[in-house]
Amino acid sequence: MKRHQLPPPQVRPESAKGLDSDRCYQALSERDAAWDGIFFTGVTSTGIYCRPVCRVKLPRAVNCQFFETAAQAESHGFRPCLRCRPELAPARRFWSTTDAQALVAEFAAQQLHMAIDHGRKPPTLSTLAAQLGVSDRHLRRMFTLHWQVSPLQYLQTQRLLRAKQWLHDSPMSVAQVAQASGFGSARRMYAAFSKHYRLSPGQLRPARTQRQAASVSGAPLAMELHYRPPCQIAQLWQFFKTRSLEGMESWRGEGTQAQLRRTVRWLHGPSVINGWLTVRWDNLHPWVHLRVSPNLLPVLPALVAQVRDWLDLDAQPAAIAQVLEPAFPHAMGQRLPGGLDGFELAVRAILGQQITVKAARTLGQRLVQALGTPCETPWPELNRTFPSPACLALEENAALMGSLGVVRQRQKAIQALARAVESGALKLHPQAPLEPTLQALMALPGIGPWTAHYIAMRALRWLDAWPVQDVALQTALGVRQHPRPTQALEQLGQPWRPFRSYALIAAWQRLSSSTHTTP
């Protein structure tokens, strides 16, 4: 069987042993990166658990135990491999449309995982239970039954792995790492490492690394972000390139080997940090090379998590293709473009209403040049960050936007959006609740269902967005001339749930970007 053609493991929620051992061992023997993060292998002869891509000598099948999550492996007494580093594995995206037990447990796990990755305080079990409409006790029982670990054990494993990653990959101090990974204090982190790994945090920090040199010399921070192949890099890069804005985004090189550079505006407590990053895909291995300006070190964990969402590095190609084929025969490796800043993405979506991508890009460039914040980078052509919510909320800037070619209706929509984000009433990040955010967006003037769905798809990472009003989507799927195109499109998209966002991107790719307009 060829690489990447193995079907995803059939997981039964009642037991980690529901993983098909033969398939997992085959993927392990082939070091198949397509299964990276889908399962972990505990080796009983060493007490270590590894990723499928680990380059160590293949263990005997009789010595292997397979687990869906790192938390399960650790609950059985295994410690993470220091060579393949399980904390670098792409995250799993849990989804279910039929099994209510799986839906409850997987939603809770995903929320806990995302909170740690993005450097936010994890939601309490009562908060998650309220979102799901169940009791705390029922959620805890379903979680433990599905994952064989308690929510607290799962959360502790995520904290340990994140701390392990930043101890190895960054020059952050131990106190900073403890804070970024959710321990709250270095003392608690030391105690957790001693109990679970029988190691101190200092023992996980390389004696001499480029990261430590960066803390002294001010050199850019560099790291590798892993993903599951295959990946349609050319299509993803083309999507970003046709929408890039001069002054805040620039490109070097051609095709899949092009390097994207862009400025970054990031909130850090009450202050704002302006910096830059570069992204380049490796041409031999399934990872992305990321370089970050040294002044972004305080927000590095949250920024890296956002980059993973931006490039959709945690996608599961086999599961997505299984749903979209045969309607989209080239769906294997499809990626869902995200965004680095939810507010920026929302403003650009408003600017793009009812006009071509090229025209929207022109308006965006004018806005960046006129109202963007100056930013120092190593490249003269990269000198602006996107305007902040506070800037665009100012009444005097409405007239300026008008002089740039932004019509009055769009001005009102952008300013209403800016005020809502600036006040904290509207949050546009992957942890924001979907339905309340959609309703809040559509309550703003000038934002309808299409714009709200588009923002939720890219900023909130909604995998099942399906804007039936989209003219391009109706045209691509052949229902534009139907007497009721929106109803026809709604019915047509049902088989592609819960991955209709990927179907939307695949349909758009059938059309020329120069003729892509929105309703």
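1. Phe240 and Trp310 are both buried, where buried means under 20% relative accessible area, exposed over 50%, and partly exposed in between (1.4 Å probe, protein chains only). This is a predicted model, in which local features need pLDDT of at least 70, side-chain atom pairs count only at pLDDT 80 or more, and totals for chains, interfaces and linings use all residues. Residues are numbered from 1 along each chain as its sequence is written, and side-chain values use heavy atoms, with hydrogens and water left out.

2. The structure contains 18 aromatic pairs; rings of Phe, Tyr and Trp (its six-membered ring) pair if their centres lie within 6.5 Å, with planes under 30 degrees apart counted as stacked, over 60 as edge-to-face and the rest as tilted. Phe240 and Trp310 make a tilted pair, 5.6 Å centre to centre with 50° between the planes. The two residues are 70 apart and link distant parts of the chain, Phe240 lying in helix H10 (residues 233–241) and Trp310 in helix H11 (residues 300–311). Helices (H or I, at least four residues) and strands (E, at least two) are DSSP runs, numbered from the N terminus.

3. Ring pairs also join Phe240 and Trp310 to Tyr227, Trp237, Phe239, Trp251 and Trp281 in a cluster. Over the ring of Phe239 sits the charged end of Arg243, 3.7 Å from the ring centre; the criterion is that NZ of Lys or CZ of Arg is within 6 Å of the ring centre and within 35 degrees of the ring normal.

4. Trp251 stands opposite Leu260 in strand E7. Strand E6 (residues 249–252) and E7 pair in the antiparallel sense over 4 bridges; two strands pair if DSSP finds at least two bridges between them. The hairpin of E6 and E7 has 6 residues between the strands, and Gly253 there takes a positive phi near 90°.

5. Which elements do the buried residues of helix H13 pack against? They pack against strand E7 (259–268) and helices H14 (357–371), H15 (389–393), H17 (408–423) and H19 (449–459). Of the 10 residues of H13 (residues 342–351), 9 are buried, so the helix is largely enclosed by the rest of the structure. At the start of H13, a side-chain oxygen of Asp341 comes to within 2.9 Å of the backbone nitrogen of Phe343.

6. Most residues other than glycine have a negative phi, and most peptide bonds are trans. Asp312, in the loop between H11 and helix H12 (317–324), has a positive phi near 55° and counts as buried at 0% relative accessibility. Gln148 also has a positive phi, about 65°, but counts as partly exposed at 27% relative accessibility.

7. The peptide bond from Pro229 to Pro230 is cis, with omega near 0°. Pro230 belongs to the loop between strand E5 (221–226) and H10. Another cis peptide bond joins Arg497 and Pro498, with omega about 5°, and Pro498 lies in the loop between helix H21 (485–493) and helix H22 (500–508).

8. An open sheet of 4 strands has the order E3-E1-E2-E4, with mixed pairing. Strands E3 (64–67) and E4 (79–80) stand at the edges with a single partner strand each, so one side of each is left without a neighbour in the sheet. Strand E2 (residues 48–50) runs parallel to E4, joined by 2 bridges, and Ile48 has Arg79 as its bridge partner in E4.

Key. Contact means heavy atoms within 4.5 Å. A polar contact is a pair of N or O atoms within 3.5 Å; within protein, one must be able to donate a hydrogen and the other to accept it, and residues adjacent in sequence count only if both atoms are side-chain atoms.
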